Amino acid sequence: MDDKATLELMHLRGQITRRQLLVGMGMLAAGLSMASVLAACGTSSTTTSSAPKRGGTFRLGVTGGGAKDMMDGQNITTKPDQARLVTAFETLLVYDADYKLSTDGLAESVTQDKPDQWTIRVKQGIEFHDGKTLGADDVIYSLTRMLTDPTLFGNAGLGSVDVKGMTKMDDRTVRLKLKGPDSTIGDQLGQYYNGIVPVGYKRYPGTQNGTGPYKLDSFTPGQQSSHSRNPNYWRTGQPYFDKVTIIDFTDPAAQVNALLGGQLDAITDIPFGQVTVVKAHPELTVLESPGGGWLPLCMAIDMPPFTDVRVRQAFRLIADRQAIVTQVLSGHGRVANDLYSPFDACFASDLPQRHQDLAQAKSLLASAGQSNLTMDLHTTDGAAGMVDIANVFAQQAKGAGVTLNVKNDPNYYGDQYLKLALSVDFWGTRNYLPQVANGSIPVAPYNECHWPPAGSNYLSLYTQAKAEVDPTKRCQILHEMQKLEYDQGGYIIPFFNDLVDAFSTKVSGFKGSKGTLNLDSFGHGYRTIWFG
Amino acid sequence: MATGQSGSANALQPALIPGGPAQAARPGSATGISPVWGFILRRLLLGIVVLVLVSIVVFVATQALGDPARAILGRSATPASLAALRQQLHLNQPVVTQYLTWAGGLLHGDAGNSLAAQEPVTKLIGDRIVNSAVLVLCAGLISIPLSVAIGSYAALRRDKTFDVVTSLSTLVFAALPEFVVGVSLVVIFATTVFHVLPAVSLIPPGGRPWDNPAGLVLPTLTLVLAVTPYVARIMRASMIEVLESDYVEMARLKGLPERVVITRHALPNALGPTFQVIALNLAYLAGGIIVVEYVFNYAGIGGALRDAVSNHDLPVIQALAMLIAGLYVVLNLLADIATIMVTPKLRTRL
Amino acid sequence: MSVVNPLVSNEPPLVQSKRPTGVILGALELGRTRIGLGLVLIIAAIAIFGPLIAPHGPADFIGLPNTGPSGAARFGTDHLGQDVWSRFLDGGREILLLASAATLLGLAIGTSFGLLAAYSKGALDDILMRSMDVILAFPSIMLALVAIATLGASGWLIILAVGLTNVPRVARVTRAAAQPIVERDFVAAAEAIGVPRWRILFGEILPNVLSPLMVEASLRLTYSIGLIAGLAFLGFTANPNGADWGLMIQENQIALVVQPWGVVLPIIAVALLTMGTGMVGDGIARAAAGIDRVRGE
């Protein structure tokens, strides 16, 4: 049972076909802990394992929040929002430690019946915090809310679902009709921010009634929130903590100090400069996860001088990627190749790695008539490293005779974003097609490179890929799309950064994992970690 | 008579004798003798005028901050989500209407809703004001007597060892940025050398800073170290000026014992400046607290202001600016009144 | 006799003297002035000539980030693997220029306002000084923070924001010092023979208020340096591309415990600079008071 489930999980990502997938139920029946499933998936496991113990208050420090912190089962704007969302809300599908979709979530199956039709069936007997049983109506309400409120984070990704085309088949089954073929619905349903909420749900200060392992006790935006154990949680035995407290920090140094001083049990995103300090501390462990986040430099392909593909190619040859990883990430990342979605089963890892070649860059610039180019490089303190990467790249560009004036503008995302010729941005991990939907086609909300160029067959490939249900054929199309971006695209993607978190040795159960969220998805909503 | 005094009484002058020349404030040449209440009333009116001007400045300046809807959504802004949020926030009214609504609300204790948190500003910053006030009061209660004592004693022992040592060490401490002092204290007492005090001040929502007094120690100490040198130096200068004044000289010439000279003649006159020092000190602490709150993750108005500025959260910025500016005006007013009440020379001039 | 400026005592005791040169010479006889001047000159020399002797370029990548002192890097590397020593030598100009410019701006505007208020008396005086009160009511760091967060941190904006916070304090001191001068006979004489107003202000009155202004100037400079460094600590600096002491403090403070030099060097420089200007100001104030006292007796 165990092995079979695991195998199914491993294949699920590329194989959502007409065939019904019925996995996950067995795990529930067998009462297996998520930890053992993850271990079977073969990711690195560093922490000491002991039998899980009940009790205690887990205190987590997170930076990046403020008064705009929110609690919403389907929305986030800040890092602490992510940490809070996963306490109370769960998704239909989940990504495992290898960033493969699995049915360890609320759904017992999610099936693409036809290119433009999906069927969702939720597990039996899952209850919300208030005792109400999860059913088809809640799924329909949740999806309707995501689709109709444009301020929600997952709104753009589910664009192909027809709001009026959702049908309740029985108490636990919902059928989705799409406006057009789309094979990425499963990916969207696995995104942590697309949580399932009960009928009538409203964001905080509405009641935060979810299916998750902890109930919300109190919440003060920008300061802290307190959560207590859901005694009625559907995964037997979990969670282990009595309480979870999530505390906002403004200053990353203060956050590290609080961990060093024993006021916290875990923190996310240690500043790279302090990793050695934390490592030197005998009672602390650093958790390094090979994340798929990336900080691109974006060249708008329809704005001069980047209208000339040679200038784009020259800029890509300017980047000394290893030096950028060393300088900007203090080595906590992997060199990238101007392509995103490294965990996608169809990632084009066979394309040759690009290296710095200043001579070639100069000659390309010369042939484009852009020798001794001078221009602005726009950035902001939107995410850690965004200013640094601009400074380092500007320094490297001098080697090719290019002068880049770094502009650090606090209103960057307010006034100028998407209108700049050369700028820096940040992205988390997504699979390829969902990422394209977010940032690389004209209708995408954040198409910062203004991709694709006129006359390119990229868009028709994208439409084909979304409609293709055969994973092998889809991979071939995706490969072709990635080749186009690799040769002509506007992104310079120097690295994928690791997520570097830290926790006290008092806490057991943390494992490194690929993915978007810190601390192995915060210990899967703080349910697979314990004191002991 | 020294020429120095005419300039020094200047600040009273517009208040006491409208438009009158500076000399009017000199003893014996005062022409517009008015009762203390008249003075207080006039200061009060001026304070209100200043506050109204401040409110206009605050409102106009914050309008320049740009579109708050974009600032709130940040990168996740799409045209659709922007339009929806603008609709939600009622950002389409004319500016004048917005000002009148806002100012009217303030008079009723309603500062509007925070754009970012979407809840009343008063609820958002109410606890933070209490927290900051506690920190400022603690720092004030320690640093004011301390700096007054150091400054006065240094003035009495002018150019002696104590004076030289304190004047040099206050110079050094005044030159150190607050965050250097704060970070150093954390390293020494919380994380690296000793582990005796908490590194950050975590105040649970609904809790009060005094629930966990240990958490107050380091931030208070940082503020005390930042403010004491500054005030001690002013105090020393004020005390020297008073000690060298004609009336103190006269008292000495009359053969009064030094103790009597200091307590009966010097101290009452030095008290006036002391009130000024206290007012400025508290006003400075209220503004200068930003850095200290940042270092210690202290949930006060400094953190709220920094956060509001980066969120372009206009109502919160406006409320905090009005609060801090109002505090300054009120403290100055109180100090002026207190000065008039305790300083015999000034009182007789009125 | 004297009552210390009872309602505005964040300024040092005010004194008038007619001969600024005398004050300067007197100040130079004091040990503290000499030491202060020495400190300022040393830091200024580092700022001006530092770039010439820096072993590396300020943005050169010379090793792993946040490593301690080594043969290649005398004071180790910073958060991006750049040479701390070279960046330190390169980074003084910015803060000195910004602080000096902000001080000069504050002095120019503040002096004009103060002179005008003292000379005009009446309504204009009231209006000018009440508007100074309005500016004073905002803590300077808050003013600067809002301005910079709104418009982005550029050099001129920092000068403008910090300069503006200097204006009301300078204006108050100038006005206070100028008020008795305005009543003197020579001003009335100048008016009588039809000297234009601006020449009376700047030609007749200004020279008589120079020594309190010098004290104020040194205070304002000290304070501007501190404010600009504080803004940098909160993350608001003029030039994200280049090296400057304020920026160094902000960039490297996160690694303070691992590699202190990236923060300690600029802090020492800023602290010595503010101490120096503070001591010079102290010396001038004492010299001015001394001269005044002698003359008064």
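Biologist: How many helices and strands does chain C have?

Modeller: Chain C has 12 helices and 0 strands, where helices (H or I, at least four residues) and strands (E, at least two) are DSSP runs, numbered from the N terminus. Read from the N terminus on, the elements of chain C run α-α-α-α-α-α-α-α-α-α-α-α. Please keep in mind that this is a predicted model, in which local features need pLDDT of at least 70 and side-chain atom pairs count only at pLDDT 80 or more, while totals for chains, interfaces and linings use all residues. Residues are numbered from 1 along each chain as its sequence is written, and chains are lettered from A and ligands numbered from 1 in the order in which they are written.

Biologist: What percentage of the residues of chain C count as buried?

Modeller: A residue is buried if 20 or more other C-beta atoms lie within 10 Å of its own, exposed if 12 or fewer, and partly exposed in between, with C-beta atoms placed from the backbone. On that basis, 65% of the 297 residues of chain C count as buried. As for contacts, two residues are in contact if their C-beta atoms, placed from the backbone, lie within 7 Å, and among contacts in chain C between residues at least 6 apart in sequence, 73% join residues at least 24 apart.

Biologist: In what order do the strands of the open sheet in chain A stand, and is the pairing parallel or antiparallel?

Modeller: Strands of a sheet pair through backbone hydrogen bonds, either parallel or antiparallel. Two strands count as paired if DSSP finds at least two bridges between them. In chain A, 4 strands form an open sheet in the order β4-β5-β7-β6, and the pairing is antiparallel. β4 (107-114) and β6 (161-170) of chain A stand at the edges with a single partner strand each, so one side of each is left without a neighbour in the sheet. From one strand to the next, the twist averages 20°, where axes are lines fitted to C-alpha atoms, for helices over the stretch in contact, and angles run from 0 to 180 degrees between N-to-C directions.

Biologist: Which strand pairs with β6(A), and over how many bridges?

Modeller: Strand β7 (residues 173-178) of chain A pairs with β6(A) in the antiparallel sense over 5 bridges, and A:Asp170 stands opposite A:Thr173 in β7(A). Helix α5 (residues 136-148) of chain A packs on the sheet, touching β5 (117-122), β6 and β7 of chain A, and its direction makes about 175° with that of β6(A).

Biologist: Where are the cis peptide bonds at A:Pro239 and A:Pro452?

Modeller: Most residues other than glycine have a negative phi, and most peptide bonds are trans. A cis peptide bond with omega about -10° joins A:Gln238 and A:Pro239, and A:Pro239 is in the loop between β9 (224-229) and β10 (243-249) of chain A. The bond from A:Trp451 to A:Pro452 is also cis, with omega near -5°, and A:Pro452 lies in the loop between α14 (432-439) and α15 (458-467) of chain A.

Biologist: What is the phi of A:Ser341, and is that residue buried or exposed?

Modeller: A:Ser341 has a positive phi of about 65° although it is not a glycine, and its place is the loop between β14 (333-335) and α11 (358-367) of chain A. A:Ser341 counts as buried because it has 24 C-beta neighbours inside 10 Å.
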